[in-house]
Amino acid sequence: MEDSYPNVKEAMEGNTSSTNDRYAKLMEGSWFSQFRHGSNPWMARYVYGLMFLMSNLLAWAVRDYGRSALTEMERLKGCHGGKDCLGAEGVLRVSLGCFAFYFTMFLSTAGTSKLHQPRELWHSGWWPSKILLMIVLTVLPFFVPSAAIQLYGDLAHFGAGVFLLIQLISIISFITWLNDCCHSEKYANRCHVYVMLLATAAYVVCILGIILMYIWYTPQPSCFLNMFFITWTLVLLQLMTSVSLHPKVNAGFLTPGFMGLYVVFLCWSAIRSEPPEAKCIKKTDAATKGDWLTIISFVVAVIAIVIATFSTGIDSKCFQFRKDETQEEDDVPYGYGFFHFVFATGAMYFAMLLIGWNTHHTMKRWTIDVGWTSTWVRIVNEWLAACVYIWMLVAPIIWKSRQTADAPPA
């Protein structure tokens, strides 16, 4: 009996070694080889992203074209003849199913650290079971009473805010990492010219974007709110640059330039989210006719949601407290629990975009993230982004000065 223990241990070590070898070959191979060699975590993240995209499209179809399915929904008790499964509430029901799936995956994969663990196999494989689970969880919310869906809609506001915060930290961390990489001893001489070109291009695009927003979105002197949004964006750009160039910070032009691109984009998104009756956006009539440009804009917006959720989900390292830990061969390539948690909050986020952050708001076809609530969410996100970035620059100096002040005299 005692002789069998070493054999079992050797078998387990052999399986672990073969798993590591197989995954090592996948990492060295092409992007296509990750799909060709069966279940693995690199293929899994794309499949999860595709499933998330399908939920987005289903929610949109229920909102814009659910009337044609009204006769089928009359059979569902939770829909009260179909009226509670269309429009904003239909979006929330699909979102609830998507959230339930990814939150279930979060609970079942959180804490996975090694490639050969059973939870890793559950994350990377068992696709027929997970697709069936996704379908069941998508259908079940249509039997849930309307009061429970309204409660989920209230919670989704908070969950969508959490998603925006995670995305913000991920973007700032990437910009900071890029700046540190370009200024490191290894790449400093090689990247000096490229850093200056990138920073200059970023500032040129920022100024050009602000000028164009003044031209397009302030056609009348009465558009004071848009003037305030655009002017304050310019002030934030100047403030971030001044703090970054302060002698005690000395972060250079690259990070404030890239952050400027982000806040200008958020300002543009906020103004574009204003309802058509605001009359402070040129060519409003063309945007309300459902023409090909509106359809393309909608498709691009949906794809952008999926890409943003996907890229944020695989960036779990920016939330690690100890970033100097070495990566071992059998460590998972990204945090599975964090990945699914981001997608769960992303399910709430796409619901808010499709209903304009208002459960009682009626959205027109082929529109997304339109309404005054959407506008103010974007604006607050812009201001928060600038504050978080400035705090990340200033906080190390404040903590260092406090430690110096609290240190006992020599």
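Predicted model: local features only at pLDDT ≥ 70, side-chain atom pairs only at ≥ 80, totals over all residues.
Good morning, colleagues. I shall begin with the whole chain. Its secondary structure amounts to 15 helices and 0 strands. The chain has 410 residues, and 46% of them count as buried. If we take the contacts between residues at least 6 apart in sequence, 75% of these join residues at least 24 apart.

Let me turn to pairs of helices. Two packed helices are described by the angle between their axes and by the distance between the axes.

The crossing of α8 past α14 is left-handed.

Which residues meet here? On the α8 side they include Tyr-152, Leu-155, His-157, Val-162, Phe-163 and Ile-166. On the α14 side they include Phe-338, Phe-341, Val-342, Thr-345, Met-348 and Tyr-349. Glycines take part as well, among them Gly-153 and Gly-159 in α8 and Gly-346 in α14. Sorted by class, this contact comprises 14 nonpolar residues, 5 polar residues and no charged ones.

Let us stay with α14 for a moment. From its first C-alpha to its last, this helix of 19 residues reaches 27 Å, close to the 27 Å expected at 1.5 Å a residue. Is α14 mostly covered or mostly uncovered? It is mostly covered, with 18 of its 19 residues buried.

The second pair is helix α3, residues 41-65, and helix α7, residues 127-139. Their axes come within 12 Å and cross at roughly 20°. An angle under 35 degrees counts as roughly parallel, so that is how α3 and α7 run. Their crossing is right-handed. From α3, the contact is made by Met-43, Ala-44, Val-47, Tyr-48, Met-51, Ser-55 and Leu-58. From α7, it is made by Trp-127, Lys-130, Met-134 and Thr-138. By class, the residues of this contact divide into 8 nonpolar, 2 polar and 1 charged.

I come now to the region that follows α14. Just after that helix, Gly-356 takes a positive phi of about 65°. The loop between α14 and α15, the latter spanning 372-406, holds Trp-357. What is the phi of Trp-357? It is positive, at about 60°, although Trp-357 is not a glycine. Trp-357 has a relative accessible area of 8%, and is therefore buried.

Asp-369 lies in the loop between α14 and α15 too. Its phi is near 60°, again a positive value in a residue other than glycine. With a relative accessibility of 7%, Asp-369 counts as buried.

Gly-371 is a further residue of the loop between α14 and α15. Gly-371 counts as buried, at 7% relative accessibility. How far apart are Gly-371 and Pro-275 in sequence and in space? They are 96 residues apart in sequence and 5.0 Å apart from C-alpha to C-alpha. Leaving out residues up to four places away in sequence, Gly-371 touches Ser-273 and Pro-275.

Helix α11 covers residues 254-272.

I shall finish with two single residues. Thr-233 lies in helix α10, residues 224-244. Is Thr-233 buried or exposed? It is buried, with a relative accessible area of 0%. Its C-alpha atom is separated by 8.4 Å from that of Gly-260, 27 residues away along the chain. Beyond its neighbours within four places in sequence, Thr-233 is in contact with Val-263, Val-264, Cys-267 and Glu-382.

Trp-216 belongs to helix α9, residues 188-217. With a relative accessible area of 40%, Trp-216 is partly exposed. The C-alpha atoms of Trp-216 and Ile-281 are separated by 6.4 Å, while the two residues stand 65 residues apart along the chain.

Thank you for your attention.

Key: Residues numbered from 1 in each chain as written. Heavy atoms only, no water. Left-handed = near helix turned anticlockwise from the far one by under 90°. Helix = DSSP H or I, 4+ residues; strand = E, 2+ residues; numbered from the N terminus. Contact = heavy atoms within 4.5 Å. Nonpolar A, V, L, I, M, F, W, Y, C, P; charged D, E, K, R; others polar. Expected span 1.5 Å × (residues − 1). Buried < 20%, exposed > 50% of the residue type's maximum accessible area, 1.4 Å probe, protein only. Axes fitted to C-alpha atoms, helices over the stretch in contact; angles between N-to-C directions. Parallel < 35°, antiparallel > 145°, perpendicular 65-115°, else oblique.
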